Amino acid sequence: MHYTTSGTNAVPSTAYVTQYANDFEAAWSHETGELGFYTPPSDGYAGGDSRYDVYIMNLGSGIYGYTQPEAPGPASWNDATSFIAVRNNYAGFLTPQNECMQVTSAHEFCHSCQFAYDYGESNWWMEITAVWMETEMYPSSDDYMLYLPTFFNDPSVSITLFNGEHEYSSCIWGIYLAQRFGRDIMRVIWDNCRYSTALSAFQNVLSQPAYSSSRDAAFSEFVIWNYFTNSRATGSTYPRASEFPLVHIERSYSSYPLAGGGTTHPPDHLAANY
């Protein structure tokens, strides 16, 4: 843990550093120990020694933290060493500071594990997985709920969009995968990402006998699950479905066949109109 007690990057107290150290130890234990993700490649003596480096500093407005790849790792695939930077305070955030620290450590350490598989993987899939990891480690956290309206208000936008906002709301795809097929599927997909793109990995993994599905079949079911939220929740989909927003209904019909055609515009790939 790298920190200073003076200047613009000063921490509020050494207790703050200890809390973050404990949160990152919990993330390491859960993500690499319990879930079995690869540990981040060692950076040798960069940052002072071979331990993983986390820098506590003054970051830009609204930034929880970030994970930065450094140098190619030792594996035969596209791995990389990395370091993490986190905020020296979370004043003004909608989520309480302790919870911000918890979800940030879970999220950013997940990125460092991803870099052990493929640091060049699609950013949208990296963020989907990292926000899912927040919900995996801290299922009662409400922080990720702040993102969900972006997805549910416009489901016609692809889960593959990376624009600095939508990729976080698309965490719902990761939540679906883990709930429907078991949480280990996230690690298995990342294992496949060493040698293929995320979109190919979805198909490669879901079509295995252990899952007996496919990318198309899973996404079709995902679209259905996203209808049964909030007041339409049935108790058979997401554990917190009743707390999720209602998905946007673009057009309603009372009889068939449809008069005047269907939707006003086609959805993107890996997206849907309702």
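User: What makes Glu-243 count as partly exposed?

Analyst: Happy to show you. Buried means under 20% relative accessible area, exposed over 50%, and partly exposed in between, using a 1.4 Å probe and protein chains only. Glu-243 has 45% relative accessibility, so Glu-243 counts as partly exposed. Keep in mind that this is a predicted model, where local features need pLDDT of at least 70 and side-chain atom pairs count only at pLDDT 80 or more, while totals for chains, interfaces and linings use all residues. Residues are numbered from 1 along each chain as its sequence is written, and side-chain values use heavy atoms, with hydrogens and water left out.

User: Why is the link between Arg-240 and Glu-243 called a salt bridge?

Analyst: A salt bridge is a side-chain nitrogen of Lys or Arg within 4 Å of a carboxyl oxygen of Asp or Glu. The closest N and O atoms of Arg-240 and Glu-243 are 2.8 Å apart, so the pair meets that definition. Side chains of opposite charge can pair when their charged atoms come close. As for Arg-240, its relative accessibility is 13%, so Arg-240 counts as buried.

User: How many salt bridges does the structure hold?

Analyst: The structure holds 8 salt bridges. One of them joins Asp-191 and Arg-194, with the closest N and O atoms 3.1 Å apart. Asp-191 is partly exposed because its relative accessibility is 28%, whereas Arg-194 is buried because its relative accessible area is 17%. There is also a network of salt bridges that links Glu-34, Glu-136 and Arg-183.

User: Why does the pair of Arg-187 and Asp-184 still qualify as a salt bridge at 3.9 Å?

Analyst: The closest N and O atoms lie 3.9 Å apart and the cut-off is within 4 Å, so Arg-187 and Asp-184 qualify. Both residues belong to helix H7 (residues 184-192), where they are 3 residues apart, about one turn of the helix. Helices (H or I, at least four residues) and strands (E, at least two) are DSSP runs, numbered from the N terminus. With 23% relative accessibility, Arg-187 is partly exposed, and Asp-184 is partly exposed at 37%.

User: Now the aromatic rings. Why is the pair of Tyr-117 and Trp-190 called tilted?

Analyst: The structure holds 34 aromatic pairs. In this one the ring centres are 6.3 Å apart and the planes are at 55°, so the pair is tilted. Rings of Phe, Tyr and Trp (its six-membered ring) pair if their centres lie within 6.5 Å; planes under 30 degrees apart count as stacked, over 60 as edge-to-face and the rest as tilted. Tyr-117 sits in the loop between helix H2 (97-114) and helix H3 (123-137) and Trp-190 in helix H7, so the pair ties together parts 73 residues apart in sequence. Tyr-117 and Trp-190 are both buried.

User: What makes Tyr-144 and Phe-244 edge-to-face?

Analyst: Their planes are 85° apart, with 6.4 Å centre to centre, and planes over 60 degrees apart count as edge-to-face. The pair links distant parts of the chain, 100 residues apart: Tyr-144 is in the loop between H3 and helix H4 (148-152), and Phe-244 in the segment after helix H9 (215-225). Tyr-144 is buried because its relative accessible area is 4%, and Phe-244 counts as buried because its relative accessibility is 1%.
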